[in-house]
Amino acid sequence: MSIDVKKPKPILQLVGVRKTFGDFVAVDRIDLDVRQGEFLTIVGPSGSGKTTLLRMLAGMDVPSEGNITLHGELINDVPPNKRPTCLVFQSLALFPHKTVGDNIEFPLKVRGVDKETRKARALELMRVVRLPADYHGKNVMKCSGGERQRVALARALAYDPEVLFFDEPLSAIDYKLKKILEKELKDLHRETGKTFIYITHSLEEAMVMSDRIGVMRAGKIVQVGTPEEIYATPADRFVSEFVGEVNVIEVAKSAAGTWQGVDLPGTYTIRPPKDEDAARAFVVVRPEFMRLLDEGETADNCLEGTVYNEYSLGSRLQYQVHVGAKVMLVEVPRGRLANAARDARVRLGFDARDAIVVGS
Amino acid sequence: MDINARRTRAFVTLWTILVLVAIYLPIVCGALASLSKGRYFGFPVREYSMEWWGKTVDSIEIGMLTRTSFAVAITVTLLSVVIAFFGALAFARYDWKGRRLFQKIVLLPIFFPQPVLGLALLLWFSALGIQTSWLTAVFAHLVWIVPVVTLVISIQVYGFDPTLEEAAYDLGCSRWQVFREVTLPLLWPGVWSGMLFAFLLSWGNFPLSLYTAGADSTIPKWLYAKMVAGYTPMVPALGTMSTLGAALALGLGGIVLYLYRRRQAQ
């Protein structure tokens, strides 16, 4: 059996898409190809323009500049009701005056599908999203948060869109249920084979579900890549910090031509950044790659500091270590003996292969 | 329960009774007066009879003015609810330049003294050469009632989530389908309350009708005219009937609203 490695063709294409509200630039010249059938997540802090981007894709906002094409056809001005796309809102926007069944059947009713076909399809979709069949006549406002998510999902699927958009629909759900729904959504993506575009401010959420992640900041897409790429090779400090808690060490070229930590005395063997002329750079080290060194043990880069506090993170223990005026975070798996009581002097180390050097 | 709480409760009960008596006793007295056999307005009633109620129902004149009152109230209800519905959307749903000014101006007529408003309108009607009749009274009622109904419907609009319209539009609705399937059903309780307000305020309105109805008479206008000259016990009889009619409309309206809300809550 041979594996088809042909690159999937883009279903949605954005070229130089820009959106301004008065003087405010919400989305700033974005180029993006969305592949057929992929699960793409746009992640960014609030105010980064991700919702505006999604609203333009759904047809609720019109770009100020640039082109959005679907299957190669320009759709900038096509209204939402004429697009084969559907948006699951942050608030879900379920119709409170309709039952679960009527909510799901809504897009079919609008299209003039007869009652029996509608109901059959609704029940089928309720199975897909794991809602019990007797919920068909239930008041949608009496459903729990998780059930409402499923109703919203079923309603969007009833529209039978080619592309589904999600505007942080899981943001108001408690942690445990969120974890379940994230996985279900990814399973649903597989079952339906449709293109999903999801936006969230939580990279953790994005990591679980996505085939690809685009990180947005101040109206621009800073980096697009697989979850592994985003995690292992962040494009810059912003992306690396967005992934989670990281140690950022500013380094500068010394007179001798070696790279040293700024205000962080230690022994360094930092590889220079790609830009040969640069005199300064940042080294990003994840807490799990920062080690507490035993007596006599060495690493490519070594620092010395004082343990300030210890935090339990479930499967791991995190230490806050003060090195000079800076704070470093170190994580060790629980159960591994770490001789690091409060106020103990410790040596920290990280290897060159675990350090990510970014220019800015 | 300590003595203080008991005292507070006793006071609250007493106060409630006093207020209820002050509000409803006069209406009851009017009703009792209409059941008097005597020719003159007096209290307490010496001898009870349904005689004047019968005469009121049979009166051709009263039949005519009841029809006029009905025509005015129904026309005002229908027109004001249509105008106020879209006014309320502008008031509370859409954000547009000048909205705050609109919000203030549109509510202003509620605070005009009605006799002054009636007089002003009458002056305009005669300046423009418009013959006053129940139709001009409808116009005058609208000037005062549309703002009230706009406010009533706006309260419902404020609780309305505009994303629901966007969602319906996204799910393939035309603008008209969005309105019919989402906007109107969700705003319906407000529209219904607004209709009740419009009907009852028009039905009971005296000052505007006095100035602007011309030769046409409405129930409040007739009641006043008969009190000034030519009193008959038909005055309290018709007054009571009119009150009961209003109460009936309110009761029916309330029941419809209750059933609608309950059906939604299922």
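In which helix of chain B is the place of B:Thr212? B:Thr212 sits in helix H9 of chain B, which covers residues 207-212. In this predicted model, the residue has a relative accessibility of 0% and therefore counts as buried, the cut-off for that class being under 20%. Apart from neighbours within four places in sequence, B:Thr212 is in contact with B:Gly118, B:Leu121, B:Leu122, B:Phe125, B:Thr132, B:Ser133, B:Thr136, B:Ala137 and B:Ala140.

**Surface of chain B**

Another part of chain B carries a nonpolar surface patch of about 1000 Å². The residues that make the patch are B:Phe11, B:Val12, B:Leu14, B:Trp15, B:Leu18, B:Val19, B:Leu20, B:Ile23, B:Tyr24 and B:Ile27. One of them, B:Tyr24, belongs to helix H1 of chain B, residues 3-34. The relative accessible area of B:Tyr24 is 48%, so this residue is classed as partly exposed.

**Chain A and its domains**

Chain A contains eight helices and 20 strands. Its C-alpha trace spans about 80 × 55 × 45 Å along the principal axes. Of its 360 residues, 51% count as buried. The chain exposes about 17400 Å², and carbon and sulfur atoms supply 50% of that area. Among contacts between residues at least 6 apart in the sequence of chain A, 65% join residues at least 24 apart.

The chain is divided into domain 1, residues 10-237, and domain 2, residues 245-359. Over C-alpha atoms, the centres of domain 1 and domain 2 of chain A are separated by 39 Å. Six residues from domain 1 of chain A and six residues from domain 2 of chain A take part in the contact. Between these domains an area of about 560 Å² is buried, with 62% of it from carbon and sulfur atoms. On the domain 1 side, A:Tyr231, A:Pro234 and A:Arg237 supply 84% of the area buried against domain 2 of chain A, more than any other three residues. The count of salt bridges between domain 1 and domain 2 of chain A is zero.

**Interface between the chains**

The contact between the chains involves 20 residues from chain B and 25 residues from chain A. About 1900 Å² is buried between chain B and chain A, and carbon and sulfur atoms give 60% of this area. B:Asp170, B:Leu171 and B:Glu181 supply 36% of what chain B buries against chain A, more than any other three residues.

Three salt bridges are found across the interface of chain B and chain A. B:Glu181 takes part in a salt bridge with A:Lys109. How are the two partners of this pair placed in the secondary structure? B:Glu181 lies in helix H8 of chain B (residues 175-203), and A:Lys109 in helix H2 of chain A (residues 100-110), with the pair crossing between chains. B:Glu181 is buried at a relative accessible area of 9%, whereas A:Lys109, at 36% relative accessibility, counts as partly exposed.

**Salt bridges**

Over all chains, the structure holds 31 salt bridges.

| Residue | Partner | N to O separation |
|---|---|---|
| A:Arg150 | A:Glu184 | 2.9 Å |
| B:Glu181 | A:Lys109 | 3.2 Å |
| A:Glu65 | A:Arg29 | 3.5 Å |

The side chains of A:Arg150 and A:Glu184 meet in a salt bridge. A:Arg150 is in helix H4 of chain A (residues 145-158) and A:Glu184 in helix H5 of chain A (residues 175-192), so the pair ties together parts that are 34 residues apart in sequence. Are A:Arg150 and A:Glu184 buried or exposed? Both are buried.

A network of salt bridges that share partners joins A:Arg18, A:Asp28, A:Arg29, A:Glu65 and A:Lys220. Within that group, A:Glu65 forms a salt bridge with A:Arg29. This pair links distant parts of the chain, 36 residues apart: A:Glu65 is in strand S4 of chain A (residues 65-70) and A:Arg29 in strand S2 of chain A (residues 24-35). A:Glu65 has a relative accessibility of 34% and so counts as partly exposed. A:Arg29 is partly exposed too, with a relative accessible area of 48%.

Definitions and conventions
Residues numbered from 1 in each chain as written. Chains lettered and ligands numbered in written order. Predicted model: local features only at pLDDT ≥ 70, side-chain atom pairs only at ≥ 80, totals over all residues. Heavy atoms only, no water. Patch = residues over 30% accessible without salt bridge, like charges linked within 9 Å, V, L, I, M, F, W, Y side chains within 5 Å. Areas by Shrake-Rupley, 256 points an atom, 1.4 Å probe, with all protein chains shown as cover. Salt bridge = Lys/Arg side-chain N within 4 Å of Asp/Glu carboxyl O. Helix = DSSP H or I, 4+ residues; strand = E, 2+ residues; numbered from the N terminus. Buried < 20%, exposed > 50% of the residue type's maximum accessible area, 1.4 Å probe, protein only. Domains from an automatic or database assignment. Contact = heavy atoms within 4.5 Å. Buried area = accessible area lost by both parts, 1.4 Å probe.
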